[in-house]
Every structure is written in C-alpha cells, then in structure tokens.
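Open your viewer and get ready to select a few residues at a time. We will take the tour one stop after another.

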Amino acid sequence: MPKITVLPHAEILPQGKEIEVPPGTSICEALLENGIKIEHACDMVCACTTCHVIVRKGYDSLNEPEEQEEDLLDKAWGLEPQSRLSCQAIVAREDLTVEIPKYTINHAKENH
Ligand code: FES
C-alpha cells in the first residue's frame, strides 16, 4: 500500500506521521481515518478550502484537479504550485509527502 508521510504541523500533528493508505482513497479521508484532524468544513464536497494540503512528493501521481478545485484553490491561504484540496486528491500507487499549511482561510482572516 502507498505510504503518506505527513509533515509536522504545530497544532494538528506536532510530530508528523507516516500512514499507509489503500489506493483510491482521498488524502483527506486517509488523514481523518488515521486520526489526523485536518479541517474539512464542507464535508469533502469541494466547496471550501479548509482541507488544502501541499503535496511535496508524488504530486504527479494524483488525479488531475477539476476546474472547481482549481478555482477554490485560488482562494486558499498559502497557495503553492503543488497545492491540492485533499478531499479531491485521490491516492494512486505512489508514496506521497504531504504538508498541511499553517493556516486555513478561516484562521488567516482572524489573524491577519
Ligand atoms: S473539505 Fe471542503 S473542499 Fe475539501
């Protein structure tokens, strides 16, 4: 099974974690199933940006983002070329390294 290395995040996952994920699972589901409490305000229907992750390794193995995902990502805090909405990014057969950005759009509004 492919592995996802989740990089440390100060609040959600201070130590980082390595998880094994069956192909065909979304990154968001995989994190939640492994006790990593990534935000998912719209309940994984591609209508928010709170599940934003940056795929540091293995980005090209993922399914292509749909237009709606791209549009939402434009509004995400800390957008990078390898950003994805984790509820829309489906794990294939390759290992991934994933970073959860420091803020979601909700936090960004409060703090800046
Ligand atoms: S949980 Fe809302 S877009 Fe992924």
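Which residue forms a salt bridge with E69? Before you select anything, note that this is a predicted model, in which local features need pLDDT of at least 70, side-chain atom pairs count only at pLDDT 80 or more, and totals for chains, interfaces and linings use all residues. Residues are numbered from 1 along each chain as its sequence is written, and side-chain values use heavy atoms, with hydrogens and water left out.

**Stop 1: a buried pair**

Select E69 and R84: they are the partners, and their closest N and O atoms are 2.7 Å apart. The pair links distant parts of the chain, since E69 is in helix α2 and R84 in strand β4, 15 residues apart. A salt bridge here is a side-chain nitrogen of Lys or Arg within 4 Å of a carboxyl oxygen of Asp or Glu. Helices (H or I, at least four residues) and strands (E, at least two) are DSSP runs, numbered from the N terminus. E69 counts as buried at 2% relative accessibility, and R84 counts as buried at 1%. Buried means under 20% relative accessible area, exposed over 50%, and partly exposed in between, using a 1.4 Å probe and protein chains only.

**Stop 2: other charged pairs**

A search of the whole structure finds four salt bridges. Select K3 and E18 for one of them, with 4.0 Å from N to O. K3 lies in strand β1 and E18 in strand β2, so this pair ties together parts that are 15 residues apart in sequence. K3 is partly exposed at 30%, while E18 is exposed at 51%.

Next, select E99 and R56, whose closest N and O atoms are 2.7 Å apart in a salt bridge. E99 belongs to strand β5 and R56 to strand β3, so the pair connects parts that are 43 residues apart in sequence.

**Stop 3**

Now show the strands. In what order do the five strands form the open sheet? The order is β2-β1-β5-β3-β4, and the pairing is mixed. Two strands pair if DSSP finds at least two bridges between them. The edge strands, β2 and β4 (83-85), each pair on one side only.

Select β1 and β5, which run parallel and are joined by three bridges. Here T5 stands opposite T97, and V6 stands opposite V98. On to β1 and β2 (residues 17-20): they pair in the antiparallel sense over four bridges, with K3 opposite E20. β3 and β5 are also antiparallel, over three bridges; look for V55 and its bridge partner V98.

**Stop 4: the core**

Colour I4 and V6, the covered face of β1, and then K3 and T5, the uncovered one. I4 takes you into the largest nonpolar core, which has 26 residues; I4, I27, L31 and L96 touch the most other members. A nonpolar core is a set of buried Ala, Val, Leu, Ile, Met, Phe, Trp, Tyr and Cys residues joined through side-chain atoms within 4.5 Å. Its largest share, four residues, comes from α1.

**Stop 5**
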